[in-house]
Amino acid sequence: MIIFKYADQLARYIQQQKAAQKQIGFVPTMGALHNGHIALIDRSKQDTAVTVCSIFVNPTQFNNATDYQLYPNTIEPDIMKLEAAGCDALFLPSIAEMYPQGTAGLEHYDLGYLETLLEGKFRPGHFQGVCQVMFRLLTMVQPHKLFMGQKDYQQCMVVSRLLQLMQSATELITCPTLREPDGLAMSSRNMRLSLHDRQIATTIYKCLTTIKQECNKGITWPVIKEKAEQLLTGAGFIIDYVELADATTLQPAHATMATIYQGPRVALIAAFLHEVRLIDNILV
Ligand code: AMP
């Protein structure tokens, strides 16, 4: 695996690969890699000839300074995991390489209502930061295919919107969420959970599977939601949201959506366990 720290060197490598008619797959990450990330690398290797991964903890997408400071950094094991997975190139830029003019007064993207709900509502500015870094990465890598995880459901929708705004030909492939054997969605933030909280954390997935079952039984959403919220608060979570939404627009469920709405839906949860914020979702 070749490691690039500078965008111009990466761009030269990509140009060479494209000149040799090779399709480029791209997996952007913030490091602290787990098998969920590696599943994206595997999918990219299946679908494309050259897989490029990036590791960059993007300061502009953190709306909480402590969360940014405590974000895990495990670069050496990360490189070993990527080597073992057969990743072809790793882009490892510095903040100055990504934001040569600094991070103040950056561009704004028109994300419409997507930015006003769920993660957008509870993490103001987060999706602007995601777009700022993704715009730069996509411009540098110019991949044929971009692989992202369903775990960050709304982020996939935001990036899809960004690709539209950029009039990009890159195809976004959303890949399934990888879970621990007890159902907890793999996440770099799981490393920050105490042993005790790691056990409790499975409550989120239990709630999501219960929500799915109850929606399919025709129970109304307010009843389902209240039960899920009680389960989470009882386990010690501080809830940001428990929502049921249209899977294609993310518009929230109205009172009876669980019973009369026939289209695809997604149940989404975001909650804090002590200072660690966890998110997950399930298609209903
Ligand atoms: P992150 O490093 O958290 O920014 O995530 C990088 C990419 O990996 C994003 O596209 C995430 O959605 C994806 N990802 C994170 N966790 C998982 C998981 N458990 N399963 C599949 N993809 C994931």
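How much space lies in the second largest pocket? About 300 Å³. This is a predicted model, where local features need pLDDT of at least 70, side-chain atom pairs count only at pLDDT 80 or more, and totals for chains, interfaces and linings use all residues. Residues are numbered from 1 along each chain as its sequence is written, and side-chain values use heavy atoms, leaving out hydrogens and water.

**Stop 1: the pocket**

Select Ile55, Phe56, Val57, Asn73 and Leu92. Of the 17 lining residues, these lie nearest the centre of the second largest pocket. A pocket is found on a 1 Å grid over the protein atoms alone: an open set of points where a 1.4 Å probe fits, with protein on both sides within 12 Å along at least five of seven lines; lining residues have an atom within 4 Å of a point. The lining splits into 12 nonpolar, three polar and two charged residues. Nonpolar covers Ala, Val, Leu, Ile, Met, Phe, Trp, Tyr, Cys and Pro; charged covers Asp, Glu, Lys and Arg; the others, Gly among them, are polar.

**Stop 2: strand β3**

Select residues 50-55, strand β3. Strands are DSSP E runs of at least two residues, and helices are H or I runs of at least four, numbered from the N terminus. Six of the six residues in β3 are buried, meaning under 20% relative accessible area with a 1.4 Å probe, protein chains only. Val50, Val52 and Ser54 point one way; Thr51, Cys53 and Ile55 point the other way.

Ile24 has Val50 as its bridge partner in β3.

**Stop 3: the three-stranded sheet**

Now show β7, β8 and β9. They form an open sheet in that order, with antiparallel pairing. The edge strands are β7 (237-246) and β9 (276-283). Strand β8 (residues 265-273) pairs with β9 over eight bridges. Look for Ile269 opposite Asp280 in β9.

Next, helix α10, residues 203-217. It lies across β7, β8 and β9, at about 25° to β9. Axes are lines fitted to C-alpha atoms, for helices over the stretch in contact, and angles run from 0 to 180 degrees between N-to-C directions.

**Stop 4: Arg136**

Finish in helix α7, residues 126-141, at Arg136. Is Arg136 buried or exposed? It counts as buried because its relative accessibility is 15%. Beyond neighbours within four places in sequence, Arg136 is in contact with Met98, Tyr99, Leu106 and Glu107. Contact means heavy atoms within 4.5 Å.

Notes:
Buried < 20%, exposed > 50% of the residue type's maximum accessible area, 1.4 Å probe, protein only. Points joined across faces, edges and corners; volume = space filled by probe spheres on them. Pairing = 2+ DSSP bridges.
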